[in-house]
Amino acid sequence: MGLKSVLEPLIINDISIPNRIVFPAFQTNFATRDGFITERLMRMYKMLAAGKSGLIITGAISISDDGAPGPNPLRINSDKHISGLKELFSVIRKNGSVPGAQLIHAGRQTLSVMTGHPSFAPSAIPCPIIKEMPIELDIKGINRIQDDFVTAARRVKKAGAELIELHGAFGYLIGGFLSPFSNKRSDGYGKDKSLFFTEIIEKVKQKVGDIPVSCRISADEFVDGGLTLNETRKIAPRLVDAGADIISVAAGTYASMKHMAPPLSMGIGVHVYLAKEIRSSVDVPVISVDNIRSLEYADQIISEKKSDLVAICRPQVADPLFVKKSINGQPVVECIDCGKCMSLLMSGNAVSCPQNPEL
Ligand SMILES: Cc1cc2nc3c(=O)[nH]c(=O)nc-3n(C[C@H](O)[C@H](O)[C@H](O)COP(=O)(O)O)c2cc1C
């Protein structure tokens, strides 16, 4: 099997992504307490950039202190964060990849003891895993957070990001608004559960100017009363109407965590069918993810038009040269599916990988 499809560039607006492989957002807790870049983070992205994925999405980057998903995420809640990110994006660009930035507000999936702020959500319903009662956002709060997304987008663009990803997956704040599992509001943001997200997309597009925006969603949340493909097939076109240039299709929430980074026992390419379905409902490129473990398989996904880009995360964490070595037919250091990266992250620690001691 060849690699023709996966090595084909993709043009989105004015940017050319040199191949179809994405290193998706990967929280590490490697930043400083205040969300600044560290040597360790820089080293990780330098190694990944040498691997030659077409698109490297950094982050998740927290737009505000109350939206921090962990103790040491990257942050972009002040202009002071711009210069470190500038260096980071330039390292990625120098190696030929397109640098992207994922922006997050964690909503109810964080802890106030960690952020020093109350947690906020569409409705006062705790995440069943985090179990902390969030404050239901009023309109002023909604506007403030939407503006925080816009300001954050402007800052990462200033720092040199060539693509912005809005994190609407996994039950964080944007995903929480999209979902009947967490959004029980009776106002406009409850009647139209996409409204919070579409307004952010529109504001980013209007106020930040011409930069491609990827919207990451959980196409199926795999929780009772949560989003299913039935709804997300209707939501995705609305995001595109609001200005989304890419839809990135993931799955799950904290209440269905195994879907967020599935073990191999769930199957190779376990959620690719979701990307294929979403792709048939929109006219913009779609990213698939989850247990895509070889470039040959990625090539097949693209050539069969199940998605336009393929995100490969843990295999590139285990071997940052995964893409380059695979192109050259060299053996890679394989992800052994131990789950250590995710369990360290979820317990508030810095991630590590037994296969990659340099991480
Ligand atoms: C430790 C860890 C951190 C992650 N952090 C993020 C994140 O910040 N934002 C995000 O959208 N996805 C995040 N993900 C999910 C990955 O982007 C990806 O969707 C997931 O690992 C499945 O892809 P894979 O099978 O290629 O590893 C994370 C996954 C892991 C294991």
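Helix α1 passes helix α2 in a right-handed crossing. (A crossing is right-handed if the near helix is turned clockwise from the far one by less than a right angle, and left-handed if anticlockwise.) Before going on, note that this is a predicted model, where local features need pLDDT of at least 70, side-chain atom pairs count only at pLDDT 80 or more, and totals for chains, interfaces and linings use all residues. Residues are numbered from 1 along each chain as its sequence is written.

## Helices that pack together

Helices here are DSSP runs of H or I with at least four residues, strands are runs of E with at least two, and both are numbered from the N terminus. The axes of α1 (residues 39–51) and α2 (residues 82–94) come within 8 Å and cross at roughly 15°. That makes α1 roughly parallel to α2. The axes are lines fitted to C-alpha atoms over the stretch in contact, and the angles run from 0 to 180 degrees between N-to-C directions. Angles under 35 degrees count as roughly parallel, over 145 as roughly antiparallel, 65 to 115 as roughly perpendicular, and the rest as oblique.

Next come α4 (residues 139–158) and α7 (residues 195–208), whose axes come within 9 Å and cross at roughly 40°. That makes α4 oblique to α7, and their crossing is right-handed. Then there are α8 (residues 229–242) and α9 (residues 272–279), which pack at about 45° with their axes 9 Å apart. These two helices are therefore oblique to each other, and they cross in the right-handed way.

| Helix pair | Axis distance | Crossing angle |
|---|---|---|
| α1 and α2 | within 8 Å | roughly 15° |
| α4 and α7 | within 9 Å | roughly 40° |
| α8 and α9 | 9 Å | about 45° |

Back in α2, you can find Lys-86. This lysine has 16 C-beta neighbours inside 10 Å, so it counts as partly exposed. (Buried takes 20 or more other C-beta atoms within 10 Å of a residue's own, exposed takes 12 or fewer, and partly exposed is in between, with C-beta atoms placed from the backbone.) Lys-86 is 259 residues away from Leu-345 in sequence, and their C-alpha atoms are 25 Å apart in space.

## Strand β4 and its partners

Now for β4 (55–62). Eight of the eight residues of β4 are buried, so the rest of the structure largely encloses this strand. Which strands pair with it? One is β3 (residues 21–23), which runs parallel to β4 over two bridges; here Phe-23 has Ile-56 in β4 as its bridge partner. Another is β6 (residues 98–104), joined to β4 in the parallel sense by six bridges, with Leu-55 partnered by Val-98 in β6. There is also β5 (residues 74–75), parallel to β4 with two bridges, and there Ser-62 stands opposite Arg-75. Two strands pair if DSSP finds at least two bridges between them.

Ala-60 is found in strand β4.

## Around the ligand

What comes nearest to the ligand? Of the 25 residues around it, the nearest are Pro-24, Ala-25, Ala-60, Cys-313 and Arg-314. (A residue is near a molecule if its C-beta atom, placed from the backbone, lies within 6 Å of it.) β4 and α13 (340–346) each supply at least two residues of this shell, and α13 gives the most, with three. By class, the shell has 17 nonpolar, five polar and three charged residues. Here Ala, Val, Leu, Ile, Met, Phe, Trp, Tyr, Cys and Pro count as nonpolar, Asp, Glu, Lys and Arg as charged, and the others, Gly among them, as polar.

## Strand β10

Six of the six residues of β10 (residues 213–218) are buried, so this strand too is largely enclosed by the rest of the structure. Val-213, Cys-215 and Ile-217 point one way from β10, while Ser-214, Arg-216 and Ser-218 point the other way. Five bridges join β10 to β9 (residues 163–168), and the two run parallel; Leu-166 has Cys-215 in β10 as its bridge partner. β10 also pairs in the parallel sense with β11 (residues 246–250) over five bridges, where Ser-218 stands opposite Ala-250.

## Two lysines with positive phi

Lys-52 has a positive phi of about 75° although it is not a glycine. Its place is in the loop between α1 and β4. Is Lys-52 buried or exposed? Lys-52 is buried, with 22 other C-beta atoms within 10 Å.

Lys-305 also has a positive phi, of about 60°, and is not a glycine either. This lysine is found in the loop between α10 (295–303) and β13 (309–311). Lys-305 is exposed, with 12 other C-beta atoms within 10 Å.
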